[in-house]
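Trainee: I am new to this structure. Could we go through it one question at a time?

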Amino acid sequence: MTLDREATRAGYDAIAAPYAAHFRDELAGAPLDRAVLGAFAELVDGDVLEVGSGPGGVAAHLHGLGVRVRGVDLSPAMVELARAEHPGIGFAVGDMAALDVADAALGGLVAWYSLIHVPAPELPAVLAEFRRVLVPGGRLLLGFQVGDDVSHHDEAFGQRVSLDFRRLQPDAVAALLDAAGFDVTARVLRAPEPDSRAAPVPQAALLARAR
């Protein structure tokens with residue numbers, strides 16, 4: 001495991017409980033996000049994996065829409081919380097760069113604000129891994145903060161951490177998806193929700209189909 005992954009795992013282990021409490025109702029105040037997730041739920045066919053599933057809120061929302069979804073997260077503490085909060089959904093510790101999934105085994109994959117922790121040089125390999133586990137025609141949904149900067153945090157929820165939040169540009173992500181074997185089918189770019197607890201920067205979602 002690289003230093004970045006070790007720091008990310010340790011950081012989220014340290015803040016798992018307050019993070020889960022803070023963002024528990026985030027989707028309730030984000031109608032555009034719910035719309036994007038709803039569109040994904042209608043389009044996808046087959047089993048779905050959410051990578052970077054955290055405390056399980058997005059997976060639970062998709063499950064409520066009838067999606068056969070399970071989650072993986074780098075943080076064991078987050079996985080423990082997700083299992084306790086959403087016992088009807090499977091959650092496991094895992095690394096999005098090396099998924100314990102057979103080739104072409106999934107109909108869909110969601111990375112909802114988890115790519116922001118992947119260093120830029122590693123993004124092509126991670127997206128190639130996403131393509132590996134999807135069937136041709138499988139659906140991919142990415143959510144991320146928009147920008148060109150890296151926001152570094154040494155403290156979060158009163159805990160010492162070392163977390164980098166890498167903002168991304170939709171055009172650059174779309175180009176990486178094309179190179180990895182995806183066709184982008186929709187883009188959503190929105191301003192921050194006024195009452196959101198997330199970073200006050202533009203947010204993007206890309207829907208793509210595996211070639």
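Trainee: How many aromatic pairs does the count come to?

Mentor: This is a predicted model, in which local features need pLDDT of at least 70, side-chain atom pairs count only at pLDDT 80 or more, and totals for chains, interfaces and linings use all residues. Residues are numbered from 1 along each chain as its sequence is written, and side-chain values use heavy atoms, with hydrogens and water left out. Rings of Phe, Tyr and Trp (its six-membered ring) pair if their centres lie within 6.5 Å; planes under 30 degrees apart count as stacked, over 60 as edge-to-face and the rest as tilted. By this rule the number of aromatic pairs is four.

Trainee: Are the planes of Tyr12 and Tyr19 stacked or edge-to-face?

Mentor: The centres of the two rings, Tyr12 and Tyr19, are 5.6 Å apart. Their planes stand at 85°, and an angle over 60 degrees has its own class. The pair Tyr12 and Tyr19 is therefore edge-to-face.

Trainee: Is Trp112 buried or exposed?

Mentor: Trp112 pairs with Tyr113 edge-to-face, with centres 5.5 Å apart and planes at 85°. Buried means under 20% relative accessible area, exposed over 50%, and partly exposed in between (1.4 Å probe, protein chains only). At 9% relative accessibility, Trp112 is buried.

Trainee: Which residues do ring pairs link into a cluster, and in which loop is Phe157 found?

Mentor: The cluster linked by ring pairs is Tyr12, Tyr19, Phe23 and Phe157. Phe157 has a positive phi of about 50° although it is not a glycine, and at 35% relative accessibility Phe157 is partly exposed. Helices (H or I, at least four residues) and strands (E, at least two) are DSSP runs, numbered from the N terminus. Phe157 is in the loop between strand 6 (150-156) and strand 7 (159-166).

Trainee: Which residues of the largest nonpolar core touch the most other members?

Mentor: A nonpolar core is a set of buried Ala, Val, Leu, Ile, Met, Phe, Trp, Tyr and Cys residues joined through side-chain atoms within 4.5 Å. The largest one has 41 residues, and its largest share, five residues, comes from helix 5 (residues 123-133). The residues that touch the most other members are Leu115, Phe130 and Leu142.

Trainee: Why are the buried residues of helix 6 on the same side?

Mentor: The buried residues of helix 6 (residues 170-180) are Pro170, Val173, Ala174, Leu177 and Ala180. They are on the same side because the arc they cover around the axis, taken from the directions from the helix axis to the C-beta atoms, is only 120°.

Trainee: Which residues are exposed on the other side of helix 6?

Mentor: The buried residues of helix 6 are covered by elements including helix 5, strand 5, strand 8 (182-190) and strand 9 (203-210). On the other side of helix 6, the exposed residues are Asp171 and Ala179.

Key: Contact means heavy atoms within 4.5 Å.
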